[in-house]
Amino acid sequence: MTMRRRQCDHKFRDIQMITKRSFLAAALATAAVLSSAPAVLADALEDIKSAGILRVAVPQDFPPFGSVGTDMKPQGYDIDMARLIAAKMNVDLALVPVTSANRIPFLQTGKVDLVISSMGKNPERDAVIDFSEPYAPFYNGVFGPEDVAIADAADLDGKIVGVTRGSIEDLELTKIAPDGATLKRYEDNNGTISAFLSGQVDAIATGNVVAAAIIAQNPPKKPAMKFLIKNSPCYIGMNENEPALMAAVNEIIADAKADGDLDAISQEWLGMGLPEGL
Amino acid sequence: MNYQFDFAWLATYWPVFVDGIAMTIRLIVVGGVVGISLGTFCAWSRALGPAWLKPAVVTYVELIRNTPFMIQLFFIFFGLPAAGFRLTEVEAATLAMVINLGAYSAEIIRAGIEATPKGQFEAGASLAMSPIQTFRHVVLIPALQKIWPALASQVVIVMLGSAVVSQIAVEDLTYAANFVQSRTFRAFEAYFISTAIYLGLAMLLRFALLRLGHVLFPHKRAAR
């Protein structure tokens with residue numbers, strides 16, 4: 001399925017990018033030492049306010065986070081998040097389409113102020129940019145119909161669970177599933193989805209994005225989240241040492257979580273509300 | 001070629017292959033026996049059966065022979081549950097193989113029946129045999145004898161075609177290869193081994209079927 005391939009591409013590009021980025025980081029560090037120029041004490045938040053525009057790097061190839069709609073305009077979870085932040089800051093919004101490979105360079109070279117691009121946190125990225133509080137759920141879990149009671153891996157006993165062969169959730173579930181559970185491994189996400197929709201399996205283990213794609217088709221049987229396998233939420237990226245911008249973004253995220261704005265975005269694009277603890 | 005073969009994972013994963021081979025054999029044995037029986041029935045209906053049965057048989061044979069096996073399989077496994085007819089993946093795979101082999105073998109056996117000289121039917125009738133007796137002793141056995149090598153080939157083709165049942169999570173030999181590949185990333189070795197096993201299985205199956213031909217039809221060395 002396209003979704004799966006996109007996800008794989010995404011991860012693959014991430015890996016490529018890490019290597020490229022380590023290089024870049026080293027090069028930048030060297031340049032900084034050699035030039036020994038006085039540090040520029042610019043405040044990104046001040047710059048955004050005075051320019052009256054917030055430039056945000058968003059994906060355009062990764063639905064439901066960012067894609068191009070039938071009206072040729074960008075749409076998705078990340079785009080709505082960018083709109084929300086710009087509105088709260090009371091500035092205009094400029095969306096800059098990026099790929100997962102170039103989103104951090106765009107930030108580092110000052111072409112964008114924020115990266116809202118379904119980006120996960122890892123030590124390599126954390127070394128060169130700063131991350132806000134998480135703003136979007138991204139996880140693998142076990143999903144099943146609303147009326148099937150599954151609270152943890154042990155409850156899978158006696159159940160048939162569909163999973164895409166070789167995926168993270170396949171590898172993890174193979175470790176934690178009880179002996180009484182039957183894992184049916186399908187060739188791709190299409191097989192897993194079809195098996196769920198046709199009732200050939202009681203539950204499926206997959207990513208929340210795949211579950212969202214199923215829900216978006218409005219099937220008679222909707223997958224509901226049962227328990228989490230692996231969690232890797234998305235964070236907003238910004239340049240290092242921008243405490244004012246960081247505080248402002250985190251405050252907007254916290255407010256959006258408190259007043260239900262973020263839950264509404266999650267409902268719209270992922271078909272379910274924010275999970276506990278995001 | 002600089003590739004370093006690594007078969008160390010076999011120590012852990014060989015049972016997966018053994019189970020896979022057992023499943024593939026089980027599928028082709030059940031699918032083969034039931035499928036050829038179905039094919040024989042259809043061949044009889046089409047060549048000698050009652051007029052009302054022929055259109056149904058012709059529709060079935062043409063429908064199956066003119067659509068991909070994988071679509072038939074998906075239709076049974078993913079499609080039929082919507083109509084309230086749910087089969088497990090092994091049942092669905094077996095059924096798909098039976099109807100597929102049934103349609104192809106019907107045409108092969110019909111060719112054998114139609115090659116039977118008319119005089120043979122008349123000879124049976126003149127010996128006061130019932131139509132069913134005539135069909136069995138006078139028509140079917142010589143017909144099967146004539147087309148046995150073609151039928152054996154078709155069974156082998158269906159066995160090799162059964163590789164796609166791994167798509168609906170039937171744990172056959174192809175599933176075993178894909179599974180091992182997804183766990184060890186030794187794609188070359190996993191498919192190398194499964195290729196060799198398929199080759200061995202196909203040759204064994206052909207040999208067994210031809211031997212069976214000699215046993216079933218001892219009077220004539222047609223089965224070759």
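Read along the sequence, chain B follows the pattern α-α-α-α-α-α-α-α, where helices (H or I, at least four residues) and strands (E, at least two) are DSSP runs numbered from the N terminus. This is a predicted model, in which local features need pLDDT of at least 70 and side-chain atom pairs count only at pLDDT 80 or more, while totals for chains, interfaces and linings use all residues. Residues are numbered from 1 along each chain as its sequence is written, and chains are lettered from A and ligands numbered from 1 in the order in which they are written.

**View 1. Chain B as a whole comes to eight helices and zero strands.** The C-alpha trace of chain B spans about 70 × 45 × 25 Å along its principal axes. Of the 224 residues in chain B, 38% are buried, a residue being buried if 20 or more other C-beta atoms, placed from the backbone, lie within 10 Å of its own. Among the contacts in chain B with a separation of 6 or more, 76% join residues 24 or more positions apart, two residues being in contact if their C-beta atoms, placed from the backbone, lie within 7 Å.

**View 2. Helix α1 (residues 10–47) of chain B crosses helix α4 (residues 89–114) of chain B at roughly 45°, and their axes come within 6 Å.** Axes are lines fitted to C-alpha atoms, for helices over the stretch in contact, and angles run from 0 to 180 degrees between N-to-C directions. α1(B) and α4(B) are therefore oblique to each other, since angles under 35 degrees count as roughly parallel, over 145 as roughly antiparallel, 65 to 115 as roughly perpendicular and the rest as oblique.

**View 3. In chain A, an open sheet of five strands has the order β10-β9-β11-β8-β12, with mixed pairing.** Two strands pair if DSSP finds at least two bridges between them. The edge strands, each of which pairs on one side only, are β10 and β12 (224–231) of chain A, and the twist averages 25° from one strand to the next. Strand β8 (residues 139–144) of chain A pairs with β12(A) in the antiparallel sense over six bridges, and A:Gly141 has A:Leu228 in β12(A) as its bridge partner.

**View 4. Where the chains meet, 11 residues of chain A are in contact with 10 residues of chain B.** On the side of chain A that touches chain B, the elements giving two or more residues are β10 (182–186) and α7 (189–197) of chain A, and β10(A) gives the most, with three residues.

Methods
Buried ≥ 20, exposed ≤ 12 C-beta atoms within 10 Å, placed from the backbone.
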